[in-house]
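Visitor: I am new to this structure and would like a close look at a single part of it, the sheet. Could you walk me through how the sheet is put together and what lies against it?

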Amino acid sequence: MPVVHRFDPPERFVAGTVGEPGQRTFFLQAREGARLVSVSLEKQQVQALAERIDELLDELMRAAGDEVLIPAIAPRDMADSQPLEQPIEEEFRAGTMTLSWDGADERVVVEVFPFTEAAVVSPEQLQEDLEDLLEPEPEEIFLVRITAAAARSFVERARTVIGAGRPDCPFCGEPVDPAGHLCVRANGFRRRDP
């Protein structure tokens, strides 16, 4: 039976970072009273989660009409620009994440499962028996249930956190380090103007 870090609803649920741009570690963090849980993850995972939450809420707005109150933007009074809470003690590194809508309670449900090597499947493994590909039950689950307004606030903050990193190269789109950048699009050849 896995340990479930359940927040229904949390007092605070945010994405944040520790470290300097280029060396940042990303976290999802939830707090309820004195209980604080932090899960580390990749920048791309934060970005994908924020994008998918935003898409889910937009889909719900279109489908539900006036039946469910879904804000189009994050409410101003829910803006959260505070740093991650201390102490930041990683419970686990995020692997698979799921996202759903609980219509009965009108809550966005985010589940985060630990990264495992079993989740990485090679082409050779795809040809093996399906039973061998089943992941074992996770040891821990990070489960957060938030309102639509809190979800929009999470998305806004996540986008701010992601944008606070290194600037992107205008040619290749990769991050530019403060010490310089070897751009694959500017490979030493100069264009000749006619």
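Predicted model: local features only at pLDDT ≥ 70, side-chain atom pairs only at ≥ 80, totals over all residues.

**The sheet and its surroundings**

Guide: Seven strands make up an open sheet with mixed pairing, in the order β1-β7-β6-β5-β4-β3-β2. At its edges stand β1 (3–7) and β2 (12–18), each with a single partner strand, so one side of each has no neighbour in the sheet. On average, neighbouring strands of this sheet are turned by 30° against each other, direction ignored.

Residues are numbered from 1 along each chain as its sequence is written, and side-chain values use heavy atoms, leaving out hydrogens and water. Helices (H or I, at least four residues) and strands (E, at least two) are DSSP runs, numbered from the N terminus. Two strands pair if DSSP finds at least two bridges between them. Strands of a sheet pair through backbone hydrogen bonds, either parallel or antiparallel.

From the N terminus on, its elements run β-β-β-β-α-β-β-α-α-β-α.

Strand β2 and strand β3 (residues 25–32) run antiparallel and are joined by seven bridges. Here A15 stands opposite L28 in β3. On to the next pair: β3 and β4 also run antiparallel, with seven bridges between them, and the bridge partner of L28 in β4 is V39. These two strands, β3 and β4, form a hairpin with two residues between them, and G33 in the turn has a positive phi of about 65°. Strand β4 is mostly covered, with five of its seven residues buried (buried means under 20% relative accessible area, exposed over 50%, partly exposed in between, with a 1.4 Å probe and protein chains only). The pairing of β4 with β5 is parallel and has two bridges; the bridge partner of S40 in β5 is R93.

Now to the other end of the order. Strands β1 and β7 run parallel and are joined by five bridges, with F142 in β7 as the bridge partner of H5. Strands β6 and β7 run antiparallel, also with five bridges, and there V110 has V144 of β7 as its bridge partner. Seven of the seven residues of β7 are buried, so this strand is largely enclosed by the rest of the structure. Both of its faces are covered: E140, F142, V144 and I146 are buried on one side, and I141, L143 and R145 on the other.

What lies against the sheet? Helix α1 (residues 43–64) lies across β2, β3, β4 (35–41), β5 (90–102) and β6 (107–114), running at about 15° to β5. Helix α4 (residues 148–163) lies across β2, β3, β6 and β7 (140–146), running at about 10° to β2. For these angles, axes are lines fitted to C-alpha atoms, for helices over the stretch in contact, and angles run from 0 to 180 degrees between N-to-C directions. Contact means heavy atoms within 4.5 Å.

Leaving aside residues up to four places away in sequence, F154 touches F13, V14, A15, L28, L49 and I53.

Finally, look at V110, which sits in strand β6. V110 counts as buried because its relative accessibility is 0%. Beyond residues up to four places away in sequence, V110 touches L49, I53, T98, L99, F142, L143 and V144. The C-alpha atoms of V110 and A151, 41 residues apart along the chain, are separated by 9.9 Å.
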